[in-house]
Amino acid sequence: MSMEYARTDAFRGATFHLADLSGATFRECDLSGVRVVGSRVDDLRVFRQGEATGRVVVDDVDVTAFVAAELDRRHPERVQLRAVRTADDHRAMWATVERLWSEAVARAERLPESTRHERVDGEWSFVETLRHLVFAVDSWVGRMILDEPAPHHRLGLPSTDCSAEIAATFGMAVDARPSYAEVLAAYDDRRAQVRRVVGSVTDEILTETRTAVLDPAWGEESQLVGECLRVVWEEHVAHCRYALRDLARLEAR
C-alpha cells in the first residue's frame, strides 16, 4: 500500500537520488523552487493553484507565458475576468459564468447518475464541484456581502484543507452523500441569489467594504464587494475548466 504524508515539512530541502517516485501525487503542496534533474518525466502533469503567476521552466525554457496564453486561447472567459472593473462588467461576467455552467450541467446530465458522482484521478466529482460552488457563493455572497447570520447550505463543500469539524460549525455536512438532484437544486438556488445581487450592484457598491469571519482559523477579514464577487467568478471559471476536463475523460470511457 502506498504511503501518504500529510501536513509535514519533513521533505523541505530534501534530495531524492535514484528514487522511484512514479505515480506519486502532490496535492496542495509547496513545490516552489523544486528542481527535477536528469529524471524521466513521461506524462508528468502539473495543475497549478488558481491563477498562479510563478515561473515554470522546462529544459531551461520559461514556459509560463506560453501556458498562460494557451489557457487564454482555450478559455477566453479568463481574459474577460481579468478585465472586470465596473458593475456592468460584473453583470457581463456573471452572464458568461451562467452560460458556461448551464452547458456543463447539460453535458453532465447526459451521463448516468453514478458517473456524476465519480472522481477522475482523485479530483472532485461533478456533484462535489457543484457543492463547492454552493460553498463559494455562501461564503463570499451570503456571508460577506449580505452579512447573513447562517448563510451556509448543509450540502456546501469547503476546500479540502477545511476539516469536517470546522465545516460542521457552519452547518455543513461534508460527509453527506446527496443525490445529484439535491445538489443541483442547492446550486440553482445559489445561482438565483447571485443573479439578484449582481443585478442590483452599482459601481459605488463595488467599492464598499464588507467584514466577516469566513474561517475561524483566519479570523475576521475585510474585502471590497467587487473583490468578493471576483472570487466567486474565479471559483466558477477555474472549476468549470476542471469539470469539463474530467467530463471529457468520463465521456470518452
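His17 sits in the segment before β1. The residue is exposed, with a relative accessible area of 66%. His17 and Ser2 are 15 residues apart along the chain, and their C-alpha atoms are separated by 19 Å. The model is predicted.

### Overall fold

The protein chain has nine helices and four strands. Their order along the sequence is β-β-α-α-α-α-α-α-α-α-β-β-α. The radius of gyration is 20 Å, close to the 18 Å that the globule rule gives for 253 residues, so the protein chain is as compact as a globular protein of that length. The C-alpha trace spans about 60 × 40 × 40 Å along its principal axes.

Buried residues account for 38% of the 253 residues in the protein chain. Contacts were also sorted by sequence separation. Among those between residues at least 6 apart in sequence, 66% join residues at least 24 apart.

### Helix α3

Helix α3 covers residues 87-108.

### Thr129 in helix α5

Thr129 lies in helix α5. Is Thr129 buried or exposed? Thr129 is buried, because its relative accessible area of 5% falls under the 20% cut-off. Leaving aside neighbours within four places in sequence, Thr129 is in contact with Trp101, Trp124 and His239. Thr129 and Thr202 are 73 residues apart along the chain, and their C-alpha atoms are separated by 30 Å.

### The largest cavity

How many cavities of 30 Å³ or more does a search of the whole structure find? The search finds two. The largest cavity has a volume of about 80 Å³. It is lined by 13 residues, and those closest to its centre are Trp124, Ser125, Phe126, Ala243 and Asp246. Trp124 is also in contact with Thr129.

Which element supplies the largest share of the lining? That is α9, with four residues. By class, the lining has six nonpolar, three polar and four charged residues.

### The loop between α5 and α6

His152 is found in the loop between α5 and α6 (164-169). His152 is buried, with a relative accessible area of 11%.

In contrast to the buried His152, Asp147 is exposed, with a relative accessible area of 56%. Phi of Asp147 is near 55°, a positive value in a residue other than glycine.

Asp60 is found in the loop between β1 and β2 (61-62). Phi of Asp60 is near 65°, again a positive value in a residue other than glycine. Asp60 is exposed, with a relative accessible area of 79%.

Gly38 is in the segment before β1 (57-58). At 88% relative accessibility, Gly38 counts as exposed. Gly38 and Glu208 are 170 residues apart in sequence, and 53 Å separates them in space, C-alpha to C-alpha.

### Exposure by residue

The table collects accessibility values for residues discussed above.

| Residue | Relative accessible area | State |
|---|---|---|
| Thr129 | 5% | buried |
| His152 | 11% | buried |
| Asp147 | 56% | exposed |
| His17 | 66% | exposed |
| Asp60 | 79% | exposed |
| Gly38 | 88% | exposed |

Terms used: Residues are numbered from 1 along each chain as its sequence is written. This is a predicted model: local features need pLDDT of at least 70, side-chain atom pairs count only at pLDDT 80 or more; totals for chains, interfaces and linings use all residues. Side-chain values use heavy atoms; hydrogens and water are left out. On a 1 Å grid over the protein atoms alone, a cavity is a set of points where a 1.4 Å probe fits but cannot get out, and a pocket is an open set with protein on both sides within 12 Å along at least five of seven lines; lining residues have an atom within 4 Å of a point. Grid points are joined across faces, edges and corners, and a volume is the space filled by probe spheres set on the points. Helices (H or I, at least four residues) and strands (E, at least two) are DSSP runs, numbered from the N terminus. Ala, Val, Leu, Ile, Met, Phe, Trp, Tyr, Cys and Pro count as nonpolar, Asp, Glu, Lys and Arg as charged, and the others, Gly among them, as polar. The expected span of a helix is 1.5 Å times one less than its number of residues. Buried means under 20% relative accessible area, exposed over 50%, partly exposed in between (1.4 Å probe, protein chains only). Contact means heavy atoms within 4.5 Å. The radius of gyration is taken over C-alpha atoms; the globule rule is 2.2 Å times the number of residues to the power 0.38.
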